[in-house]
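Reader: I have a structure open and some questions about its side chains and packing. Can we go through it piece by piece?
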Amino acid sequence: MSAQGPLLSVAGIEVMYSRLALVLRGLTLSVPRGGIVALLGANGAGKTTTMKAIANLLRSERGEVTKGAIHYDGARIDGLDPSDLARRGLSLVMEGRHAFPTLSVEDNLKVGAYSRSDGAVAESLERVYSTFPRLKERRHQPAGLLSGGEQQMCVIGRALMARPRMILLDEPSMGLAPLLVEEIFSMMQQLNAEAGVTFLLAEQNAAVALRYATYGYLVEGGRVVREGPAHALAADPEIRASYLGLDASAEADGASLAARRRPRWLS
Ligand SMILES: Nc1ncnc2c1ncn2[C@@H]1O[C@H](COP(=O)(O)OP(=O)(O)OP(=O)(O)O)[C@@H](O)[C@H]1O
Ligand SMILES: [Mg+2]
């Protein structure tokens, strides 16, 4: 295993659904060890497809990587099943908060430890509870009764139970109030800083994502159309106007404007 080079690299992948729809068209990105990298783009740009290609979850949707290569920690991972990936420390938190609604919060978290054979599950549970104290308060409740933000914490907590080195986090802000979005993102930052977890973060909410990420890629039509350090992307006049919904004079509240405005390059 290579300790050099990026932790994850995606090189020129094409993804086709149902042998007909070419959705990713030569997408390339890399994530350094210890980085937080944002994958930005509007609805249908190909963010989730990229995440599923990395996590090898396309087959159940009749999707297929038809070109390119994916390396994680120096090894090719295309074709490995998700439990192999979990053992190597790569976890995916899917879009849409898929907690098991009838299981308790604690049982949801324990499901995340299935790939582990060591006996330190209780210790990990305590660590998750210290990151997300609200989950501890609600640990005996069915996860279906949690609020949207708490469910997001629950599925991130479940991913943490596998003790990942890297988490693919798909659209964590979706449907959450701004304060909760900040709470989720600052927890991601804390896990990155304190536990060294690397993140690839797919987000439509570019304004928030660029505040927490170190580097960003903008995806349009299944390709990267712009990339750079997060602060450079956030300062880019075209991105500010078309994507963040900000002009040079308006600094505040880019997130809500960005949600309402359609990027210019889609029209
Ligand atoms: N199972 C599927 N079969 C056929 N086409 C699909 C399938 N899943 C997604 N697509 C198409 O692939 C394209 C990219 O979708 P994807 O879900 O990756 O976008 P996204 O960037 O995650 O969008 P969003 O921000 O809305 O989550 C879209 O045009 C979508 O309609
Ligand atoms: Mg998506």
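Reader: Is Gly149 buried or exposed?

Author: Gly149 counts as buried, because its relative accessibility is 1% and the cut-off for buried is under 20%. Keep in mind that this is a predicted model.

Reader: Which element is Gly149 in, and what does it touch?

Author: Gly149 lies in helix 6. Leaving out residues up to four places away in sequence, Gly149 touches Leu176, Leu180 and Ile184.

Reader: How far is Gly149 from Gly44?

Author: The two are 24 Å apart in space, C-alpha to C-alpha, and 105 residues apart in sequence.

Reader: Back to helix 6. What is its span from first C-alpha to last?

Author: Helix 6 covers residues 148-160, which is 13 residues, and reaches 18 Å. That is close to the 18 Å expected at 1.5 Å a residue.

Reader: How many of the residues of helix 6 are buried?

Author: Twelve of the 13, so helix 6 is largely enclosed by the rest of the structure. Among the buried ones are Glu150, Cys154, Arg158 and Leu160.

Reader: And what covers the buried residues of helix 6?

Author: The cover includes strand 6, helix 3, helix 4, helix 5 (133-137), strand 7 (166-170) and helix 7 (178-195).

Reader: Helix 4, then. Where is Thr131, and is Thr131 buried or exposed?

Author: Thr131 is found in helix 4, residues 121-131. Thr131 is buried, with a relative accessible area of 10%. Apart from neighbours within four places in sequence, Thr131 is in contact with Met187 and Leu191.

Reader: Changing topic: salt bridges. How many are there in the whole structure?

Author: A search of the whole structure finds 16 salt bridges. One of them joins the side chains of Arg33 and Asp73, at 3.1 Å from N to O. Arg33 lies in the loop between strand 2 (21-31) and strand 3 (36-40) and Asp73 in the loop between strand 4 (63-72) and strand 5 (75-76), so the pair ties together parts that are 40 residues apart in sequence.

Reader: Are Arg33 and Asp73 buried or exposed?

Author: Arg33 is partly exposed, with a relative accessible area of 31%, whereas Asp73 is buried at 7%.

Reader: What does Arg134 pair with?

Author: Arg134 forms a salt bridge with Glu183, and the closest N and O atoms are 2.9 Å apart. This pair links distant parts of the chain, with Arg134 in helix 5 and Glu183 in helix 7, 49 residues apart. Arg134 is partly exposed, with a relative accessible area of 29%. Glu183 also counts as partly exposed, at 25% relative accessibility.

Reader: And Asp236, which residue is its partner?

Author: Arg226, with the closest N and O atoms 2.6 Å apart. Asp236 sits in the loop between helix 9 (230-235) and helix 10 (237-242) and Arg226 in strand 10 (residues 223-229), so the pair ties together parts that are ten residues apart in sequence. Asp236 counts as buried at 17% relative accessibility, while Arg226 is partly exposed at 28%.

Reader: Which residues are joined into one network by salt bridges that share partners?

Author: Arg134, Glu137, Arg138, Glu150 and Glu183. Of these, Glu150 is one of the buried residues of helix 6.

Reader: Last one, the surface. Which residues make the nonpolar patch?

Author: Phe100, Leu103 and Val111 make a patch of about 210 Å². Leu103 is in the loop between strand 6 and helix 3, and at 30% relative accessibility Leu103 counts as partly exposed.

Definitions and conventions:
Residues numbered from 1 in each chain as written. Chains lettered and ligands numbered in written order. Predicted model: local features only at pLDDT ≥ 70, side-chain atom pairs only at ≥ 80, totals over all residues. Heavy atoms only, no water. Helix = DSSP H or I, 4+ residues; strand = E, 2+ residues; numbered from the N terminus. Buried < 20%, exposed > 50% of the residue type's maximum accessible area, 1.4 Å probe, protein only. Contact = heavy atoms within 4.5 Å. Expected span 1.5 Å × (residues − 1). Patch = residues over 30% accessible without salt bridge, like charges linked within 9 Å, V, L, I, M, F, W, Y side chains within 5 Å. Areas by Shrake-Rupley, 256 points an atom, 1.4 Å probe, with all protein chains shown as cover. Salt bridge = Lys/Arg side-chain N within 4 Å of Asp/Glu carboxyl O.
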